[in-house]
Amino acid sequence: MIDAAAPPIVSVVIPGYNGAALIGETLDSLTRQTLTAWEALVVDDCSADDTRALVRNWPDPRVRLIENEVNSGPVRTRNRGFAAARGRYWAGLDQDDLCRPERLAKQVAYLDAHADVALLGTQAEQLLDGRVRPMAYAPHTTPALIHWLSWIENPLVWSTVMVRAEAARRLVPFTRPEILYAEDFDLYHRMARIGRIARLDEPLLVYRQHAGGASKRFTETMRASATRVLAEAHGDVFGDAAEAIARLLVVHNMGGEPVTDRATLRRLGEAMTRLQSEFCARHAPDRESRKLIRWETARRWGAVGRAALRCGSLSLRDLVATRPAHLGLGYAGLDVLLMSGGIGAARRFKQARSPQIFAE
């Protein structure tokens, strides 16, 4: 029998807003957890559907409903839930994502064994068109690699994150409302000043991809907030150029938009190389981490270059001419680069022919 009054080990906070169609599956995934000492705080942000009624009548007593009196937005809503949390660990979870049964148990075991880690994520899979598929995150990590990746992108899925409550309470507010839709990314930078951030490489969450998700609906707001996070983080490295460099990282490395000219590609590669050197000088990663850092950085720069090749904005000659010294061509094989370049050449030819065809 479950004693809902007993202090939980983990408090799971779920912001709710018009989520009645999906939140039941999310709560079911918590019910199946092998670690049973948890509470789930669903903070409803004035839903217009049946979310509140569904949660209020949920049969598991470990699920609690908190109701906002006025619509407050996702960040303040999440913060309200964590303010009421009783567990020694706090876990993030969005209303449409699904936890694997071992998620909470394995994260608690890791945090219990690694007192220096303040925030822990896991690998995730994505549910898209009814199929569960891998995500494009680094397959193998160390805490140093996760920390490094946070310098150039968001390295964790929020719904996988668990933090130590004692560390989280040192942050006021826990997540900053002004960094809307990148508040998790901002949190990782702020938490890294308190303790290490890390990731379990086993996929312990299924991230649901759908048109109603915030990442699909609020892209520009998310990019502006992420740019602010990186500009603040790298101001001491790039000075007045920090915001422009941050925007390049957000748009082309995180967002995948093709670079349109050689000068921009060169600037982005030089910035990534400079940041990597600065990170290694400050944090002295071990040999394994340094190898992973170099590999994953090269892989990202190579992806940026291939995107430019495929859209036709740059040629293979441009990519070779602008490659940073140790990144090569992102370790992509020549066949991949030639294929991307061939696609780009075909697109340039088609674009060049279009005005003539129209004129005829």
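The largest cavity in this predicted model is lined by Tyr-137, Ala-138, Thr-141, Ile-146, Leu-149, Glu-153, Pro-155, Arg-199 and Arg-300. Its volume is about 30 Å³. Two helix pairs are also described below: α7 with α9, and α11 with α12.

**Cavity**

- The structure holds one cavity of 30 Å³ or more.
- Five nonpolar, one polar and three charged residues make up the lining of the largest cavity.
- Glu-153, Arg-199 and Arg-300 are among the lining residues.

**Helices α7 and α9**

- Helix α7 spans residues 183-191 and helix α9 spans residues 219-233; they pack at an angle of about 20°, and their axes lie 8 Å apart.
- Angles under 35 degrees count as roughly parallel, and α7 and α9 are therefore roughly parallel to each other.
- The crossing of α7 past α9 is left-handed.
- On the α7 side, Phe-185, Asp-186 and His-189 take part in the contact, meeting Ala-226, Val-229, Leu-230 and Ala-233 of α9.
- This contact of α7 with α9 comprises five nonpolar residues, one polar and one charged.

**Helices α11 and α12**

- Helix α11 (residues 242-254) packs with helix α12 (residues 262-283) at an angle of about 105°, with the axes 10 Å apart.
- Since angles of 65 to 115 degrees count as roughly perpendicular, α11 and α12 are roughly perpendicular to each other.
- From α11, the residues Ala-244, Ile-245, Leu-248, Leu-249, His-252 and Asn-253 meet Thr-264, Arg-267, Leu-268, Ala-271, Met-272 and Leu-275 of α12.
- By class, the contact of α11 with α12 contains eight nonpolar, three polar and one charged residues.

Terms used
Residues numbered from 1 in each chain as written. Predicted model: local features only at pLDDT ≥ 70, side-chain atom pairs only at ≥ 80, totals over all residues. Heavy atoms only, no water. Axes fitted to C-alpha atoms, helices over the stretch in contact; angles between N-to-C directions. Helix = DSSP H or I, 4+ residues; strand = E, 2+ residues; numbered from the N terminus. Parallel < 35°, antiparallel > 145°, perpendicular 65-115°, else oblique. Left-handed = near helix turned anticlockwise from the far one by under 90°. Contact = heavy atoms within 4.5 Å. Nonpolar A, V, L, I, M, F, W, Y, C, P; charged D, E, K, R; others polar. 1 Å grid on protein atoms, 1.4 Å probe; cavity = no way out; pocket = protein on both sides within 12 Å on 5 of 7 lines; lining within 4 Å. Points joined across faces, edges and corners; volume = space filled by probe spheres on them.
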